[in-house]
Amino acid sequence: MKSSLKIEELIMFLLGIFMFTNLSISWWWFIGLFFAPDIGMLGYLFNSKIGAFAYNLFHHKGVALIFYFIGVFLSSEVLQFIGILLFSHASFDRIFGYGLKYNDDFQNTHLGKIGKTHE
C-alpha cells in the first residue's frame with residue numbers, strides 16, 4: 001500500500017508541475033519558493049500544538065486548492081501559483097512519508113511515524 005500511495009503522490013506532484021507550466025510565472029519562482037511551505041515548522045519553536053497547526057496549514061491540500069480556485073475565480077496568477085506551490089510541495093513531502101502532523105509530536109503523522117524509532 002505504501003508504494004501505491006507514493007505513486008499517487010508522485011502523480012499529484014507531476015500534476016502540480018504541469019499546472020505551473022500553464023502560468024506565465026518564471027520557473028525560478030517555483031524552484032526558489034518550493035520549500036517555503038516548510039516555514040510552518042517554525043511553530044514547533046513554541047510547542048507541538050502550534051507547530052502541528054502551522055505545519056498542517058501550509059501542507060493541507062485543501063488549503064492549496066482553495067488558493068488555486070480563488071486565483072482562477074479572480075484571474076490571479078499569483079494566487080494560482082500559491083495554490084500550485086502548496087499542492088506540489090505537500091505531494092513532494094508525502095512521497096517521502098511526511099504527512100500532516102498530530103498535536104503530540106512532529107514525528108507522528110497521518111501516514112505513520114517518521115524518523116528513527118527509540119526502543
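**Note on helix packing, a salt bridge and a surface patch**

1. H1 and H5 pack with their axes 8 Å apart, at an angle of about 155°. Angles over 145 degrees count as roughly antiparallel, so H1 is roughly antiparallel to H5. Their crossing is left-handed. This is a predicted model.

2. Which residues make the contact between H1 and H5? H1 brings Lys6, Glu9, Leu10, Met12, Phe13, Leu15, Gly16, Ile17, Met19 and Phe20. H5 answers with Phe81, Ile84, Phe87, Ser88, Ser91, Phe92, Arg94 and Ile95.

3. H5 (residues 77–95) also packs with H4 (residues 61–74). Their axes come within 7 Å and cross at roughly 155°. H4 and H5 are therefore roughly antiparallel to each other. H4 passes H5 in a left-handed crossing.

4. The H4 side of that contact includes Lys61, Val63, Leu65, Phe67, Tyr68 and Ile70. Among the H5 residues they meet are Leu79, Ile82, Ile84, Leu86, Phe87 and Arg94.

5. How many salt bridges does a search of the whole structure find? It finds 1. Glu9 pairs with Lys61, and their closest N and O atoms are 2.4 Å apart. The pair links distant parts of the chain: Glu9 lies in helix H1 (residues 2–21) and Lys61 in helix H4, 52 residues apart. Side chains of opposite charge can pair when their charged atoms come close.

6. Look next at the surface. Ile39, Leu42, Leu45, Phe46, Ile50, Phe53, Leu57 and Phe58 form a nonpolar patch there. Together they have about 870 Å² of accessible area. One of them, Ile39, sits in the loop between helix H2 (27–33) and helix H3 (48–59).

Terms used. Residues numbered from 1 in each chain as written. Predicted model: local features only at pLDDT ≥ 70, side-chain atom pairs only at ≥ 80, totals over all residues. Heavy atoms only, no water. Patch = residues over 30% accessible without salt bridge, like charges linked within 9 Å, V, L, I, M, F, W, Y side chains within 5 Å. Areas by Shrake-Rupley, 256 points an atom, 1.4 Å probe, with all protein chains shown as cover. Salt bridge = Lys/Arg side-chain N within 4 Å of Asp/Glu carboxyl O. Helix = DSSP H or I, 4+ residues; strand = E, 2+ residues; numbered from the N terminus. Axes fitted to C-alpha atoms, helices over the stretch in contact; angles between N-to-C directions. Parallel < 35°, antiparallel > 145°, perpendicular 65-115°, else oblique. Left-handed = near helix turned anticlockwise from the far one by under 90°. Contact = heavy atoms within 4.5 Å.
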